[in-house]
Amino acid sequence: MDAAYCAVLGTAVAFAAPVLTDAVRLPVWTLIALGVAVIAWAALILVMMARMPSRSVLRVVMVVNLLAAAVIAAVSGVAATVLVVLAILAIAVDVALFAGSQFIALRRLRPVA
């Protein structure tokens, strides 16, 4: 689910970069690069899921989501309007909730003997 979310969000940011640039006060090339990086992360999640134990993938993705939530929240500080700040913060909360769900999933997985 996280990979699908990242793929959709990354694609949306990359393609909408020319429209978003004024609202978030970041250059178009930066938004495109961020979108492509999020798409690449989605692909990496799929690769990890195919090659690593679920527990390990959940841990890695959870940590990256916590870091991403912090970065997204920090970026909201440069946004042009209060509504844009709130929208960006909502995305940060959404990513943090993904991390929380991954933590819960990790706790429910049985340890490997």
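**View 1. Pro18 within helix 1 of the predicted model.** Pro18 has its place in helix 1, where helices are DSSP runs of H or I with at least four residues, strands are runs of E with at least two, and both are numbered from the N terminus. Pro18 counts as exposed because its relative accessibility is 52%, given that exposed means over 50% relative accessible area, buried under 20% and partly exposed in between, with a 1.4 Å probe and protein chains only. Residues are numbered from 1 along each chain as its sequence is written, and side-chain values use heavy atoms, with hydrogens and water left out. As this is a predicted model, local features need pLDDT of at least 70 and side-chain atom pairs count only at pLDDT 80 or more, whereas totals for chains, interfaces and linings use all residues.

**View 2. The packing of helix 1 against helix 4.** Helix 1 (residues 2–24) and helix 4 (residues 82–108) pack at an angle of about 165°, and their axes lie 14 Å apart; axes are lines fitted to C-alpha atoms, for helices over the stretch in contact, and angles run from 0 to 180 degrees between N-to-C directions. That angle makes helix 1 roughly antiparallel to helix 4, a label for angles over 145 degrees. From helix 1, Asp2, Tyr5, Leu9, Ala23 and Val24 meet residues of helix 4 that include Val84, Ile88, Ile91 and Phe98, contact meaning heavy atoms within 4.5 Å.

**View 3. The largest nonpolar core.** Eight residues make up this core, namely Ala3, Cys6, Trp41, Ala42, Ile45, Met48, Val57 and Val61; a nonpolar core is a set of buried Ala, Val, Leu, Ile, Met, Phe, Trp, Tyr and Cys residues joined through side-chain atoms within 4.5 Å. Helix 1, helix 2 (28–51) and helix 3 (54–75) are the elements that give two or more residues to the core, and helix 2 gives the most, with four residues. Ile45 touches Asp2, Ala3 and Val61, when residues up to four places away in sequence are not counted. Apart from this core lies another, of seven residues, among them Val24, Leu26, Leu31 and Ile88.

**View 4. The setting of these close-ups in the whole protein.** The protein has four helices and zero strands, and its C-alpha atoms fill a box of roughly 55 × 25 × 15 Å, taken along the principal axes. Of its 113 residues, 28% count as buried.

Methods
Parallel < 35°, antiparallel > 145°, perpendicular 65-115°, else oblique.
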